[in-house]
Amino acid sequence: RIAVCVVEPLSVDTHTAGTATDLLISFANHFGADADELERSREDLADVAGFLDGLPLALEIAAAWLPILKPSSLSVKLRASPDLISRRSGAGRDSLVECVSVICADLEPEDRHALMCLCLCRGGCGEELGEAMLGADWPWRVRTLVDRSLALRVSGHSGRRFLVVQALREAVRLAEGEERYSTAKRVWQAACLTLGRRAHFEVNERDRRRWMEWLRDEGDNIVGASAVTAGDPAKLREAIDVLHGLRGPLWLIGRYRGFEQAFEELLDQGLED
């Protein structure tokens, strides 16, 4: 029997007990940081905890710097560059990339691919996008990641959504390498464009209400995938058609600014080509 402990990001609310800030202070005390300095700097520590999404592993690595860095300095340095957590080792603690590399090496290839795809998704992905990216067995791939605390299950407008917190994304990309990232990006782009065409048809011809709710969840993915497609001549026309067809729905759900930026980029690239 295998026991699974699901560890989710902690609350960063400084007014409740058991928050990410409390855990960060606990880790820092373990590493020998000055207790009085920590108590005086709760606001800076809360800022660090919020920046790291309350992810316990990232908090532990950050805490390892606190014996040699003041909380205010750590907060400033992290916002200037997350390399302090993702690439560099703290006092007696591996970097986040090193930790994630060990975790990824223990995953099946299909699950590593699923993790990389989820890292690309803007605000996570719902079931339709998960299936479009990962195939019919997507529930098992996502479940593996959720059970290992590499992804979270959250609620969306049109059902369950699955996401990877920001503190992990850059570390996963660095640990997996550019080739895996590029492969996953192509899968994500193709899935978003395919579903974008379907959403346009459904909103105009069939289940408008359901697919408008779906777009509220996936609008950022559709716009984001279209924008990065600007550099791919083979997909350029398709991306322009998809975004143009979703102009009205994206305006209705408050994504028009993102639509405008992506559409202008696509048109500019089209004129150059």
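Buried means under 20% relative accessible area, exposed means over 50%, and partly exposed lies in between (1.4 Å probe, protein chains only). The exercises below use these words for a predicted model, in which local features need pLDDT of at least 70 and side-chain atom pairs count only at pLDDT 80 or more, while totals for chains, interfaces and linings use all residues. Residues are numbered from 1 along each chain as its sequence is written, and side-chain values use heavy atoms, with hydrogens and water left out.

**Exercise 1. The overall picture**

Task: State how many helices and strands the protein has, and what share of its residues count as buried.

Solution. 
Step 1. Helices (H or I, at least four residues) and strands (E, at least two) are DSSP runs, numbered from the N terminus. The protein has 16 helices and three strands.
Step 2. Of its 273 residues, 45% count as buried.
Step 3. A contact means heavy atoms within 4.5 Å. Among contacts with a separation of 6 or more, 68% come from residues 24 or more positions apart.

**Exercise 2. The faces of helix H5**

Task: Determine which residues of H5 are buried, and where they fall when seen down the helix axis.

Solution. 
Step 1. Helix H5 covers residues 71–80, and its residues Pro71, Leu74, Ser75 and Leu78 are buried.
Step 2. Seen down the axis of H5, these buried residues fall within an arc of 100 degrees, so they line one face of the helix. The arc is that of the directions from the helix axis to the C-beta atoms.
Step 3. On the other side of H5, Val76 and Ala80 are exposed.
Step 4. The cover over the buried residues of H5 includes helices H2 (35–40), H3 (42–51), H4 (56–63) and H6 (83–86).

**Exercise 3. A leucine in a loop**

Task: Locate leucine 55 and decide whether this residue is buried or exposed.

Solution. 
Step 1. Leucine 55 is found in the loop between H3 and H4.
Step 2. With a relative accessible area of 7%, leucine 55 is buried.
Step 3. The C-alpha atoms of leucine 55 and leucine 24 are separated by 9.9 Å, and the two residues are 31 residues apart along the chain.

**Exercise 4. Salt bridges between parts of the chain**

Solution. 
Step 1. Side chains of opposite charge can pair when their charged atoms come close. A salt bridge is a side-chain nitrogen of Lys or Arg within 4 Å of a carboxyl oxygen of Asp or Glu. A search of the whole structure finds 17 salt bridges.
Step 2. Arginine 42 and aspartate 22 meet in a salt bridge with an N to O distance of 3.0 Å. Arginine 42 is partly exposed at 23% relative accessibility, and aspartate 22 is partly exposed at 24%.
Step 3. Aspartate 47 and arginine 79 also form a salt bridge, at 3.0 Å from N to O. Aspartate 47 is partly exposed with a relative accessible area of 28%, and arginine 79 is partly exposed with 48%.
Step 4. Arginine 160 forms a salt bridge with glutamate 127, the closest N and O atoms being 3.0 Å apart.
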